[in-house]
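Keep the viewer open and follow the stops below. Each one says what to select and what is there.

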Amino acid sequence: MRKFSKSISILIAMVLILASGVLLKQTPVNAQEKEEEINITLLATSDIHGRFMPWDYAIDGPNLTGSLTQLHTIIQGIRKDNPNTILLDNGDLIQDNSAELFNDQPESPMTVAINEMGYEAWTYGNHEFNFGLDVLDKVSSQFKGPKLAGNIYKENGERYSPAYTIIEREGVKIGIIGMVTPMITEYEKGTNHLDGVVVKNPVDETKKAVKELEGKVDVMIGLMHMGLENENGNPGTGVKEMANAIPELAAIFAGHNHVLINKEDVNGVLITEPNKYGTHISRIDLTFSRQGDQLTLKDKDASTIPVKNEDGTFVESDKELEKILKPYHEFARADANIEVAQLKGTNLVPKNEINGVPAVQVQETPLSDFFHEVMLHYSKADVVAHQIDNDRAFLDIGPIKKKDIAYNYQFAGGEVSVYEVTGKDLKDYMEWAVGYFNSTRDGDVTISFDKKRRSSKYSTNDFFGNVKYEVDLTEKPGNRIKNLRKIDGTPIEMEDKLKLGMNSYRMDFLLSKDQALEGRKFNMIWSSKEESAFGETGGTIRNLAIRYLTEEMNGKYEPTIQNNWKIVGVDTTSAARTAAVELINKGILEIPTSEDGKFTNVASINVKDAITKKEIEELTKKAKVDSTKFSQLKTTGEFYQELVKVLNTPLKEKETEKPAEKPTIPSNTTTDKPKPTNTKPVLSKEKGIVTSYFLNVRPKPSNNSKPMGAISKNTEITILGKENGWYKISYKGKKGYVYSRYIKIEK
């Protein structure tokens, strides 16, 4: 019995020991099932358009507003904060800013840069197809990561590029789905760039990709080269439609539209877009909780990060990446400085008569005549139209370099496409174009611009060549084009058949909803970008202009003034106008700007308006004259004329008008010895060294004033003074200001 009891005791002890062991083994299992939080950051660039360094290669000048090397600085900072960072690109990478120069070179700086920066996927944009599939395959093969374009298929039914890739961080599997706008079929019409492929609806193809990814990933993100809204009303071309149709997507990186969307929630799907040209980068943050094998998306957020800091300065460009890209930088700069011709006879843009009113936008110039000449020569059209998208355009007598053409015609992709239209179609287009101007009223002495049109991201002030016309600004929009006729003086009738040469993007816009030519259809009979013409690169207006100067003009160009159009309905001869112009040019009277100061000349100066006491006080204060002399004046014109008279009165005459000073009566009769004057020694002017990659020089000590130019790193400057954190310097014979933060004082 004792033996049995002892055996039972031993058995019980063993059971307890075994039970303890089980409990000990269960403890770490429970610890593993404790909730764990995982944070993943996705970054996406879009529409970089060749900005690999902060430089505009076409005009060979610095541009600090955005680039891959500056974004790299931002990206590295985010990676330090969160190693679980994924970097993506959303298309339109290899076109513009001279990136096309490298299509026939061993490597493109764009693929070199994104490889160095560690991009993990690249969705093709519409401009990736601009050069044909052979070029795209050659350039894109240089990228080490996956290239996505899920709605592009080969004719045999296979996908041309994958629809998605799976990226893993800390056990979280993320499906990245990439699609390109189906509008590429419209953009590449007339070319062989899409031969051999079929473009399908990206919404349908994303649904298919979602099905394929089910059970393979923990979350799905769209990397879509499409804008928010459907483009020109075409179904399946916007990510808002996609978000409504496919709520399985957690978020979408949008692109293509060149707009800034910090965060928009559509049907529970977050959408963000980083504008264009590397000015911003989009960010999506995902927060997961994991408990055992259970993974849950707890939170998500979206935002954009700008290259421009709040104080107006710009993010520094990464120096290590710059070193790697330097050979490509030098190659592109050398190309921009190739001389193509000599300009003889006259400058192509006259000096602005009125500061703040760009002559190139308010009158015919030899520059606009030159581009019309080029377009007419190659297109054989009856009429041509284009726009100058640079208020500061100029080209003076002397050498013409490739960069001069680009500076004066800044739409890199602009081409000439010829459409069959009627006289009515042409006039309706012209009426839309001159809607760029404000109507004038009695007393207006300056031509001004419609504020909405002036603030558009694209220039919409189109000029017309090989026709004659007047623009009457006393009329309301829609009835301003007068005396429209051919260059030989023959009137253009509304039913006339004409060949109109213009940019296809502009035509597509005019045909869209609520625009001037909505609902009409035109036959396009020729395009300079067709393979049978000059091709995607050679067919741009920039390159046609260079070809014209070298091949047709044999390197010498002397302009012929057409005198084919003018603006009427504005007082240009009165004495009051002359006075107003003088006050504007002296900086006393200001040309009106938009409320935020970004857009100039949005209202006309009028000389028949009643003058107010406040206006008199403000302008006389600027002019440094006595305001009481003008109290009896009634109109602005009278005041401007009298103020100019006072300003132009010789100094001696002004002095005779002053009342005689009263003699000073001495306080005592004791003759005091004169006190010695305490004169401080004049300090020599300080020298400083520029520390940033390029430093803007501005006419005023403010980030809101437009740059006069830029000074490169390590340049020595002489400091003339200091105002509100800015150094005053001399720049090209003028006074300028630079931000003191980027100047190191020499000791």
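Select Glu-470 and Lys-566 together: Glu-470 stands opposite Lys-566, which belongs to β27. Keep in mind throughout that this is a predicted model.

Now widen the selection to the two strands. Strand β22, residues 467-472, runs parallel to β27, and 4 bridges join the pair.

Next, show helix α12, residues 423-433. Which other strands does α12 lie across? They are β18, β20, β21 and β24, and the helix runs at about 140 degrees to β21.

Select β21, β18, β24, β20 and β25. In that order they form an open sheet of 5 strands, and the pairing is mixed. The edges are β21, at 462-465, and β25, each of which pairs on one side only. On average, neighbouring strands in this sheet are turned by 30 degrees against each other, direction ignored. Bring in helix α10, residues 366-379, which packs on the sheet and touches β18 (383-387), β20, β21, β24 and β25. The direction of α10 makes about 135 degrees with that of β18.

**Strand β20 and its two partners**

Colour its two partners separately. Strand β24, residues 497-502, pairs with β20 in the antiparallel sense over 6 bridges. Strand β25, residues 524-527, is also antiparallel to β20, over 3 bridges.

Then pick out single residues. Ser-417 stands opposite Met-502 in β24. Which residue of β24 stands opposite Val-418? That residue is Gly-501. Turn to β25 and Val-418 has a bridge partner there too, Trp-526. When you display side chains along these strands, remember that in a regular strand they alternate between the two faces of the sheet.

**A cavity elsewhere in the chain**

The structure holds 3 cavities of 30 Å³ or more. Go to the second largest cavity, with a volume of about 40 Å³. To see its lining, select Arg-51, Met-53, Pro-54, Trp-55, Asp-56, Asn-63, Thr-65, Gly-66, Asn-97 and Tyr-277. Which classes of residue make up this lining? Colour by class and you will find 4 nonpolar, 4 polar and 2 charged residues.

**The whole chain**

Finally, zoom out and show everything as a cartoon. The secondary structure comes to 20 helices and 35 strands. Colour by burial next: of the 747 residues in the protein, 50% are buried.

Methods
Residues are numbered from 1 along each chain as its sequence is written. This is a predicted model: local features need pLDDT of at least 70, side-chain atom pairs count only at pLDDT 80 or more; totals for chains, interfaces and linings use all residues. Side-chain values use heavy atoms; hydrogens and water are left out. On a 1 Å grid over the protein atoms alone, a cavity is a set of points where a 1.4 Å probe fits but cannot get out, and a pocket is an open set with protein on both sides within 12 Å along at least five of seven lines; lining residues have an atom within 4 Å of a point. Grid points are joined across faces, edges and corners, and a volume is the space filled by probe spheres set on the points. Ala, Val, Leu, Ile, Met, Phe, Trp, Tyr, Cys and Pro count as nonpolar, Asp, Glu, Lys and Arg as charged, and the others, Gly among them, as polar. Two strands pair if DSSP finds at least two bridges between them. Buried means under 20% relative accessible area, exposed over 50%, partly exposed in between (1.4 Å probe, protein chains only). Axes are lines fitted to C-alpha atoms, for helices over the stretch in contact, and angles run from 0 to 180 degrees between N-to-C directions. Contact means heavy atoms within 4.5 Å.
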